[in-house]
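Work through the following exercises with the sequence and the structure in view. Each task is followed by a solution in steps.

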Amino acid sequence: MEKRRAFNPGDWVSTFTGQTGVVVSETELAGAQKILKEGKRPGHYFAPGCCHHPDYLIQVPVIFEDGRYDVMRAMNLRRTTDIPPEKRARLNQLTADVLKEV
């Protein structure tokens with residue numbers, strides 16, 4: 001049985017502030033935590049005493065164009081397709097770098 005998800009790894013997303021990013025898998029998130037800083041941007045998932053457990057329904061791990069990652073609340077993200085090629089190439093490079101760390 002397949003889990004219900006709002007976002008899937010590989011989806012291109014943007015925040016309500018206009019920052020673009022790519023949704024990553026749990027293994028890519030582990031690599032991102034090793035080499036990237038957490039952005040703590042508006043809309044990230046924060047609950048006192050709780051840790052990140054990406055379920056892609058409420059907590060969505062995203063690598064952003066500025067080279068930082070966040071586990072975002074799903075309600076603060078929207079799918080997008082109109083990402084400029086430079087940003088898309090930068091995000092693909094970041095994702096490749098993260099995969100090397102896994």
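**Exercise 1.** State how many helices and strands the protein chain has, and in which order they run.

*Solution.* Step 1: The protein chain has two helices and six strands, where helices (H or I, at least four residues) and strands (E, at least two) are DSSP runs, numbered from the N terminus. Step 2: From the N terminus on, the order is β-β-α-β-β-β-β-α. Step 3: The radius of gyration, taken over C-alpha atoms, is 13 Å, close to the 13 Å that the globule rule gives for 102 residues, so the chain is as compact as a globular protein of that length. The globule rule is 2.2 Å times the number of residues to the power 0.38.

The model is predicted: local features need pLDDT of at least 70 and side-chain atom pairs count only at pLDDT 80 or more, while totals for chains, interfaces and linings use all residues. Residues are numbered from 1 along each chain as its sequence is written, and side-chain values use heavy atoms, with hydrogens and water left out.

**Exercise 2.** Determine the order of the strands in the sheet, and which strands stand at its edges.

*Solution.* Step 1: Strands of a sheet pair through backbone hydrogen bonds, either parallel or antiparallel. Here two strands count as paired if DSSP finds at least two bridges between them. Step 2: The open sheet of six strands has the order β3-β5-β4-β2-β1-β6, with mixed pairing. Step 3: β3 (37–38) and β6 (77–79) each have a single partner strand, so one side of each is left without a neighbour in the sheet.

**Exercise 3.** Describe how β5 pairs with β3 and with β4.

*Solution.* Step 1: β3 and β5 are parallel, with two bridges; Glu38 has Tyr69 in β5 as its bridge partner. Step 2: β4 and β5 are antiparallel, with five bridges, and Val62 stands opposite Asp70 in β5. Step 3: The hairpin of β4 and β5 has three residues between the strands, and Gly67 there takes a positive phi near 85°.

**Exercise 4.** Identify the residues that touch the most other members of the largest nonpolar core, and the elements that contribute to this core.

*Solution.* Step 1: A nonpolar core is a set of buried Ala, Val, Leu, Ile, Met, Phe, Trp, Tyr and Cys residues joined through side-chain atoms within 4.5 Å. Buried means under 20% relative accessible area, exposed over 50%, and partly exposed in between (1.4 Å probe, protein chains only). Step 2: The largest core has 14 residues, of which Val22, Ala32, Leu36, Ile63 and Tyr69 touch the most other members. Step 3: α1 (26–35), β5 (68–73) and α2 (85–101) each give two or more residues to this core; the largest share, three residues, comes from α2. Step 4: Beyond four places away in sequence, Ala32 touches Ile63, Tyr69 and Val98, a contact being heavy atoms within 4.5 Å. Step 5: A second, separate core of 10 residues includes Phe7, Val13, Ala74 and Leu77.

**Exercise 5.** Decide whether Lys40 and Tyr56 are buried or exposed.

*Solution.* Step 1: Most residues other than glycine have a negative phi. Step 2: Lys40, which is not a glycine, has a positive phi of about 50°, and phi of Tyr56 is near 65°. Step 3: Lys40 lies in the loop between β3 and β4, and Tyr56 lies in the loop between β3 and β4 as well. Step 4: Lys40 is exposed, with a relative accessible area of 58%, whereas Tyr56 counts as buried at 1% relative accessibility.
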